[in-house]
Amino acid sequence: MRYFTLTAQSDRVDLAELPQVGDSAVRMSRRQALLALAAAGGALAAGPLLGALVQGSDPADPTHQGMEPLPPRRWAMVIDLRRCDGCKKCTEACQAKHYLPPQQEWIKVYTLRDRTGAEFNMPRLCMHCEDAPCVRVCPVTATFVDRDGLVLVDQDKCIGCRLCMAACPYEARYFNWTEPKTRPPLPTKATPEFPSPQQRGTVGKCVLCVHNIKFGQLPYCLEACTMGAIYIGDLDADVATNGTETVRLSSFLSENNAIRLKEELNTKPRVWYIPGHGEDLEW
Amino acid sequence: MRRNVLAACVLSISALALASLATPGPVAAVDPPPRLQFETEHRDDGTWMLRATLTRGGAVQSQETIEFLQRVDFFGERWVPVGTAVTDAAGIASRLYSPTSNGVQQLIARFAASDGTFDSDPFEITVSRAVPAIPQEPQVLPVVRAWAFPVGAAILVLVWLALAVIFLRAVIGVARPESAKATAIAPTREGPVESSPKQTSSME
Amino acid sequence: MVATAAEFGEGAALRAAAFRPVQTPGRWFWPVFAALGALVAVAAAAYGYQLLAGLWVAGYGDAAFYGIYEANLVAFIGVSYGGALVSAVLRLTNARWRAPITRMAEAMALVSLVVGGSFAIIHLGRPERIWQLVTRPQAASPIVWDVIAISTYLAATLIFLYLPLIPDLAIARDRLGPSAGRLRRAFYRVTAVGWTATPAQRQRLNWSVGAIAILIIPLAITVHSVLAWAFSMTSRPGWHSTIFGPYFVIGALYSGVALVIVVVAAFRKAYRLEPYIGLPHFVSLARIMAVLGGVYLYFTFSEMLTTGYVRTREEASIVAVLLEGSFAPAFWGFMIAGILIPIALSLVPATRQVRYLVLAGVLAVVGMWLKRLLITLPTATAPLIGDVWGSVQFTWVAIVITLGATAAIPLGLMIIFRFVPILALDEMMEADSRELPQPVAEQPLGAEGVL
């Protein structure tokens with residue numbers, strides 16, 4: 001991480017370019033030396049701050065400002081319920097990385113009981129439906145579909161009417177009923193792709209880590225899953241991966257009898273579930 | 001003479017040992033590495049027939065499973081399984097491949113043998129007639145969607161026009177001097193409105 | 001017998017009664033005004049606190065995302081329908097007995113519509129951004145339809161209040177004399193737009209009043225249907241029902257007529273209008289209310305029957321919790337005290353007195369408010385995945401704001417009637433000058449008919 005480099009704009013300042021105290025080519029007075037030290041100190045202090053704000057070259061920066069996104073894909077997720085053990089590491093990672101309040105579980109792991117009495121764990125995230133009911137009802141188009149087909153919320157436009165929460169059949173949306181106390185450590189400009197910090201009085205939900213996947217980085221929940229139960233895929237390229245294994249998406253879904261939640265509601269969700277109850281916990 | 005024969009035996013044995021050391025792998029028990037020859041055939045319906053010929057040391061290998069893989073750039077370079085096929089008597093494994101996205105694709109054939117995994121050289125094909133495996137579903141009610149907004153907006157505008165007409169017609173009609181001048185039909189009311197309690201007390 | 005001006009002396013007495021709130025409201029006026037005003041002020045302060053702290057202070061949470069404010073929105077806009085019914089529908093059916101109460105009903109419709117519409121803003125998380133409804137609306141959103149419908153209906157209600165008011169404002173202009181201030185005299189002169197009761201003017205006015213009476217009925221139906229569809233255009237169990245449009249409209253009419261009964265009784269007592277509004281008026285209103293209550297009962301039964309009989313998993317949980325579960329006491333309490341008792345009180349001869357009919361009206365209004373809560377809360381707290389229900393909280397902020405809104409209705413009416421006559425003078429005198437069909441009434445007006 002290069003702390004001392006400012007933006008990739010024209011005003012690049014390298015620490016090495018600042019006048020050095022011992023440089024024989026520069027005749028400096030004591031005042032000039034003090035100024036130089038102050039400037040260096042300022043650059044040292046401002047570097048991390050501005051670097052976090054405008055870092056373009058670090059792929060770990062969620063805002064990815066200044067980077068060119070990869071071409072759009074028709075995203076899908078597959079959750080293998082044979083492998084989910086309900087550890088909720090996906091929830092923790094998502095909440096930590098997005099600086100979410102504790103009750104906002106963008107990926108929420110339910111422990112459900114099926115009709116035979118067997119318990120199984122089911123992580124539920126936003127389905128990013130291709131015919132999303134939440135997008136239809138928003139009065140100010142604060143909820144929209146972005147170029148990758150993902151459903152995002154612009155918290156600068158949201159008026160907090162919560163009709164989208166009423167319309168979502170998957171309970172995937174959360175509301176900031178109060179000022180969120182968890183904030184990113186450095187001031188960042190919240191965008192629909194990376195809505196941190198969350199705004200009081202607006203709606204938040206899983207963004208499918210669009211801020212990562214547009215730049216070739218895996219979603220945080222997928223990386224945190226130690227069981228390899230979460231897959232991300234492309235419906236057009238017909239491929240899916242959980243970070244380690246790569247499968248052909250169409251045959252993976254059909255061979256494992258994958259289903260979508262509430263299929264009859266015709267929302268066309270992008271998240272498939274491979275039915276199971278943790279029987280494949282040895283992976 | 002016996003010393004010579006002994007020396008010759010030792011020499012030949014060591015020569016044999018040296019020779020066996022020098023040659024790569026055991027002469028009798030080690031197989032030569034398999035070779036996979038990969039080729040494709042573009043069919044009329046846009047699909048491709050993938051053929052891999054498996055030979056080992058010049059001899060074709062039959063009844064072996066060959067896996068075909070496609071290279072994708074998806075969160076890094078990954079190889080996606082296309083499918084498997086078993087080599088026939090001629091050592092050829094054939095697999096039909098229906099590409100799901102257009103563009104240039106790299107395919108390889110892979111043989112997982114007991115002595116390791118061997119890949120063929122990558123083969124590039126250019127796909128122009130891909131059939132998506134999971135196509136996008138069509139929109140519901142397209143005609144209603146197209147007409148709903150124009151019709152609704154037209155009704156709304158008509159309602160607002162009606163309200164405006166109703167209001168203006170009344171107010172302007174009342175305010176116009178000509179209509180105000182005509183003689184009134186109703187009898188003139190007597191007296192101003194009074195708030196004196198004596199008037200109303202008779203009503204209680 | 002209908003109370004006509006001729007029956008009760010000269011028009012002067014009628015005018016005196018109609019302008020009594022304008023001129024001599026009585027000693028009770030300012031204390032009551034102050035009390036109601038204080039309640040509204042406290043509610044405004046509570047709303048300010050909510051704006052700063054966030055909606056959680058009103059008892060909301062992720063598992064209870066809709067609640068009392070949304071119920072209030074439907075309830076307060078609903079009660080405004082009494083005005084539409086009494087003024088527009090009864091006018092079109094030539095029910096001349098409505099003449100003394102139309103002004104109160106129309107004014108009540110306007111005030112409760114404005115108060116109800118304010119809940120659409122109170123329930124928002126970011127109300128300062130509502131201007132975006134104009135700059136970037138989405139035509140497919142039920143809330144945009146709501147905004148358009150309510151504002152159109154508000155315009156229509158204003159027109160419908162104002163046009164028949166013109167002749168009365170002319171009387172005020174002519175009669176109030178030097179006792180009125182300069183500003184007030186100017187107000188009457190401007191708003192009366194030169195009315196001099198000529199036939200040409202009367203013809204023009206009658207055409208427009210008739211036209212707006214016809215137009216306001218489909219508008220009223222549309223407004224409450226759109227409000228209902230904001231619920232039923234989601235897939236939530238308990239809301240996703242095809243009957244919601246007519247259901248809410250009938251509920252609004254029922255609660256609206258009930259509130260007309262209450263408001264008319266209250267102002268009649270306060271301003272001593274007993275000579276002009278008597279038991280027959282209340283009996284007729286109560287009968288209309290009873291019929292509407294019967295229809296509402298029928299719709300409720302249809303809802304419960306169809307969802308309860310098929311009992312798909314999600315719908316069944318809503319029906320169960322209403323009929324047998326945690327909401328059952330409220331539901332059955334509503335059915336008995338909010339529908340059955342008011343219907344009985346309205347139709348049974350023994351209770352044909354103003355005080356019992358007003359009681360029926362009060363029970364109906366409060367019951368219907370409770371019913372809107374029963375529509376909102378079970379579905380908002382029901383789980384869609386798993387089986388953990390949300391919990392409902394009634395916080396002081398929500399209660400104070402609701403009470404403030406309730407107080408704002410009589411407050412608004414008191415303010416309006418300081419400026420306009422409380423009786424539709426011109427209409428009553430017009431009714432008097434023609435031959436009228438008499439409404440059904442067994443008791444003649446006199447000592448027995450008065451409260």
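**Exercise 1. How many residues of chain C are in contact with how many residues of chain A?**

A word on the set-up: this is a predicted model, where local features need pLDDT of at least 70 and side-chain atom pairs count only at pLDDT 80 or more, while totals for chains, interfaces and linings use all residues. Residues are numbered from 1 along each chain, chains are lettered from A in the order written, and side-chain values use heavy atoms, without hydrogens and water.

*Solution.*
- Step 1: taking contact as heavy atoms within 4.5 Å, 40 residues of chain C touch 41 residues of chain A.
- Step 2: together the two chains bury about 3,200 Å² (accessible area, 1.4 Å probe, lost on being put together and summed over both), with 52% of it on carbon and sulfur atoms.
- Step 3: C:D62, C:R136 and C:I385 supply 22% of the area that chain C buries against chain A, more than any other three residues.

**Exercise 2. Find the salt bridges between chain C and chain A.**

*Solution.*
- Step 1: look for a side-chain nitrogen of Lys or Arg within 4 Å of a carboxyl oxygen of Asp or Glu.
- Step 2: the count is two; one of them joins A:K262 to C:E314, with the closest N and O atoms 2.9 Å apart.

**Exercise 3. Work out which strands stand at the edges of the five-stranded open sheet in chain A.**

*Solution.*
- Step 1: write down the order, β10-β9-β8-β1-β11, with mixed pairing (strands are DSSP runs of E, at least two residues, numbered from the N terminus; a pair needs at least two bridges).
- Step 2: β10 (246-248) and β11 (271-274) each have a single partner strand, so one side of each lacks a neighbour in the sheet.
- Step 3: β1 (residues 75-80) pairs with β11(A) in the parallel sense over four bridges, and A:I79 stands opposite A:Y273.
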